[in-house]
Amino acid sequence: MRRKMNRAAKVIALLFVLMLTSGLFWGRADAASGKKTLVVYFSRTGTTKKAAEQIQKLTGADIVRLEARKKYPSDYDEMLEAAQKEQDSNARPKLASKITGFKKYDTILLGFPIWWGEQPMAINTFLESYDFSGKKVIPFCTSGGSGIADSVRSMKKICKTASFGTGLDVTNAGKSRLQKWLKSNGVSLAGASPEVTIKIRKKDVTKQTCSLTKGEKAALKVSVSGWSGGKNITYKSSDKKTVSVTSKGVVKAVKAGTAKIKVTVKNGKKSAASWVKIKVVKKSTAKPEQPEKQSYSG
Ligand SMILES: Cc1cc2nc3c(=O)[nH]c(=O)nc-3n(C[C@H](O)[C@H](O)[C@H](O)COP(=O)(O)O)c2cc1C
């Protein structure tokens, strides 16, 4: 009986380790902290649908298709006219789809085709149908070349409670372009581990040696890509007597030598770290070099 129990405990421990390494655990932690991403898209002929599904695959986010209750004409010219009429009358076409649990998403990747230079009016209905306070909307579109800028401007006016990320016209965008765009908007990529970037005076010093003069102070600016939501940053010096660091990330070069500053970023149960090595040099006593005198003839 006791041996059986031991075996069961071992199996449970092994499953736990497997969950940790496979990322399942992190997925659950994300859900526990309520940080989730949703892809919402509207598409008539399937181009935006294809792009939305690709984005869903890259992010592992949930996905919902928005559809208008009233069907649009199948004839192209009639369709153009119907869309134009909706735009001219600032219509809010009723939606057939309803999103349950909208509250739990903090990032909405919102996709649509460009209709007459902007987002279809059904997108406006969507933006006015849910509570977007505290949410980040990252728009994407497909188009015949018009681009997304006008839509972003218009959506910002309609949905004032959300913050907007950088939009992208994803027509013909490849995987790496999409990944770059998602990362720059702080969206986690499925299976990717987050990256911590450390900057001193706008210069990327991540995993590098950076020189400071004895007595000098510098603020570390930390950012993390591949994560959305809140984060908690801690700083640790390998040798406080050489380089000290405050809880806000201000380093001080105390005495000549070298020390490593470890930066750890935590988000719920996820954590990621990076470092910068600070070399403290004594103040230079040498006089600055004088520029050579130039003589002009002629
Ligand atoms: C009513 C309507 C208006 C459109 N207006 C524009 C436009 O102003 N600029 C543009 O570049 N493309 C325009 N298009 C082209 C679509 O944006 C493009 O074909 C899009 O990829 C279609 O996406 P979907 O297949 O997801 O519906 C328009 C298409 C329709 C049907």
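Residues are numbered from 1 along each chain as its sequence is written. Because the model is predicted, local features are taken only where pLDDT is at least 70 and side-chain atom pairs only at pLDDT 80 or more, whereas totals for chains, interfaces and linings use all residues.

The protein contains seven helices and 15 strands, where helices (H or I, at least four residues) and strands (E, at least two) are DSSP runs numbered from the N terminus. Of its 298 residues, 27% count as buried; a residue is called buried if 20 or more other C-beta atoms lie within 10 Å of its own, exposed if 12 or fewer do, and partly exposed in between, with C-beta atoms placed from the backbone. Two residues are in contact if their C-beta atoms, placed from the backbone, lie within 7 Å. Among the contacts with a separation of 6 or more, 71% are between residues 24 or more positions apart.

In soluble globular proteins, nonpolar side chains tend to be buried together. A nonpolar core is here a set of buried Ala, Val, Leu, Ile, Met, Phe, Trp, Tyr and Cys residues joined through C-beta atoms within 7 Å. The largest nonpolar core has 38 residues, and Val39, Val40, Ile55 and Leu109 have the most contacts inside it. At least two residues of this core come from each of β1 (37-42), α3, β3 (107-113), α5 (121-129), β4 (136-142) and α7 (175-184). Leucine 109, apart from residues up to four places away in sequence, touches Thr37, Val39, Ile55, Ala61, Ile138 and Phe140. A second, separate core of 15 residues includes Leu220, Val243, Val251 and Val263.

Strand β4 is mostly covered, as seven of its seven residues are buried. Both of its faces are covered, with Lys136, Ile138, Phe140 and Thr142 buried on one side and Val137, Pro139 and Cys141 buried on the other. β4 runs parallel to β3, to which it is joined by seven bridges, and two strands are said to pair if DSSP finds at least two bridges between them. In this pairing, threonine 107 stands opposite lysine 136.

Asparagine 90 lies in the loop between α4 and β3. Most residues other than glycine have a negative phi. The phi of asparagine 90, however, is positive, near 50°, and this residue is exposed, with 8 other C-beta atoms within 10 Å. Arginine 201, in the loop between β7 and β8, likewise has a positive phi, of about 45°, and is exposed, with 9 other C-beta atoms within 10 Å.

An open sheet of five strands has the order β8-β7-β10-β13-β12, with antiparallel pairing. Its edges are β8 (203-204) and β12 (243-245), each of which has a single partner strand, so one side of each is left without a neighbour in the sheet. Within this sheet, β7 (residues 195-200) and β10 (residues 217-225) pair over six bridges, and lysine 199 stands opposite lysine 221 in β10.

Strand β15 pairs with β14 (residues 257-267) in the antiparallel sense over 11 bridges, and isoleucine 261 has valine 276 in β15 as its bridge partner. The two strands form a hairpin with two residues between them, and glycine 268 in the turn has a positive phi of about 60°. β15 is also joined by five bridges to β9 (residues 209-213), to which it runs parallel, with threonine 209 opposite lysine 277.

Lysine 283 is placed in the segment after β15 (270-281) and is exposed, with 9 other C-beta atoms within 10 Å. Apart from residues up to four places away in sequence, lysine 283 touches Thr213 and Lys214. Lysine 283 and lysine 214 are 69 residues apart in sequence, yet 6.3 Å apart in space, C-alpha to C-alpha.
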